[in-house]
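This report covers selected local features of one protein chain.

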Amino acid sequence: MGARVAVVADRVGWEERRLMLTAEKAGLHIDWVNDEDLGLGSIDSSPLAGYDAVLVRSRSYTRGGLVATLVEADGTPVLNTAAAIHACENKLVLRAVLREAGVPVPDFRLVLSRKDYAKALADLGTPAVLKPVYGGMGKRVTLVRDADLAHSVYDYVEDLGHAFEQACLVEPYLGGGSVRCLVVGREIVAAAEFESAGADWRSNAALGNRSRSLAHDPDVAKVVDAVVDRLGPGIYGVDLFRTESGHLVNEVNHAPAWRGVASTTDTDISSAVIRHVQETLE
């Protein structure tokens, strides 16, 4: 029997099903382990004991890093590393570590209060984007087009957000398009350009927006290489904005969906991921 790998996720989606099918053909055995039912703490009773590696694909913006930290401490290889997942889960931490490493990121302001918000808008102007520090798939990301409505938008953050949900970033609006690169190990295995479609301005693959394959771009590759240099080799979805001064890293997803990118390319992304898992186990 081949190596046993646990895929820790809150559900089995398209990507997880593809990984399981591909792993079986490659001689790996993959089990789905629900990240909502782990009870980690004791090594002896851990549901992840006995696995040769753990692939963390939790879509929660808090569970993945916590699970990876405990599993890694117990000596089991984790993809991605706990440090990389913790950085990717928190948009502020990611911006800070990338900026420190010299990786270009958009200008931004941390917003923890209405006074912060007012100062951020005064500094950056409108249109601007208000986004939660924790979150993904384009949810709760708001385009603030009009200064007259800006504080009405913040009412929802102030009145309905709880604790860390009130922590936000404000950044300039850089247009309705983005580039997503699927990185496996250190290589870009697929890349696509996404554009907002219809009334929704967000260029997010999870929202079903238009996409097309992106040919090799040395400028994109240089920026992505710098991201991997800082976070370490792994499995990432790196989202970039194209600007007149070059590409800026918007977000890095530690558990990327790739159905949208796969639909625009001929690359077998699942096979690339499984090969990376096998190389980690060697």
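At what angle do helix α2 and α3 pack, and how far apart are their axes?

## The α2 and α3 pair

The model is predicted. Helix α2, residues 63-73, packs with α3 at an angle of about 165°, and the two axes are 8 Å apart. An angle over 145 degrees counts as roughly antiparallel, and therefore α2 is roughly antiparallel to α3. The crossing of α2 and α3 is left-handed.

On the α2 side, the contact is made by Arg63, Gly64, Gly65, Leu66, Ala68, Thr69 and Glu72. Their partners in α3 are Ala82, Ile85, His86 and Glu89. By type, the residues of the contact of α2 with α3 comprise four nonpolar, four polar and three charged.

## Helix α4

Helix α4 spans residues 91-100, and its buried residues are Lys91, Leu94, Arg95, Val97 and Leu98. An α-helix has 3.6 residues a turn, so residues three or four places apart point the same way. The cover over the buried residues of α4 includes α3 (82-89) and α7 (218-231), together with the strands β6 (128-132), β8 (168-172) and β13 (246-253).

At the start of α4, Asn90 places a side-chain oxygen within 2.9 Å of the backbone nitrogen of Leu92. After α4 comes Gly102, which has a positive phi near 85°.

## Ser58

Is Ser58 buried or exposed? Ser58 sits in the loop between β3 and α2. Ser58 counts as buried because its relative accessibility is 2%, and the cut-off for buried is under 20%.

The side chain of Ser58 makes a polar contact with the side chain of Asp35 at 2.5 Å. The Ser58 side chain also reaches the backbone nitrogen of Ser60, at 3.3 Å. With neighbours within four places in sequence left aside, the contacts of Ser58 are Val8, Ala9, Asp10, Asp35, Arg63, Gly64, His254 and Ala255. Of these, Arg63 and Gly64 are also among the α2 residues that meet α3.

## Ser42

Ser42 belongs to the loop between β2 (29-34) and β3 (53-56). Its relative accessible area is 36%, so Ser42 is partly exposed. That class lies between the limits of 20% and 50%.

How many Å separate the C-alpha atoms of Ser42 and Lys25? The separation is 33 Å, for two residues that are 17 residues apart along the chain.

Definitions and conventions:
Residues numbered from 1 in each chain as written. Predicted model: local features only at pLDDT ≥ 70, side-chain atom pairs only at ≥ 80, totals over all residues. Heavy atoms only, no water. Buried < 20%, exposed > 50% of the residue type's maximum accessible area, 1.4 Å probe, protein only. Helix = DSSP H or I, 4+ residues; strand = E, 2+ residues; numbered from the N terminus. Contact = heavy atoms within 4.5 Å. Polar contact = N/O pair within 3.5 Å; in protein donor to acceptor, adjacent residues only side chain to side chain. Axes fitted to C-alpha atoms, helices over the stretch in contact; angles between N-to-C directions. Parallel < 35°, antiparallel > 145°, perpendicular 65-115°, else oblique. Left-handed = near helix turned anticlockwise from the far one by under 90°. Nonpolar A, V, L, I, M, F, W, Y, C, P; charged D, E, K, R; others polar.
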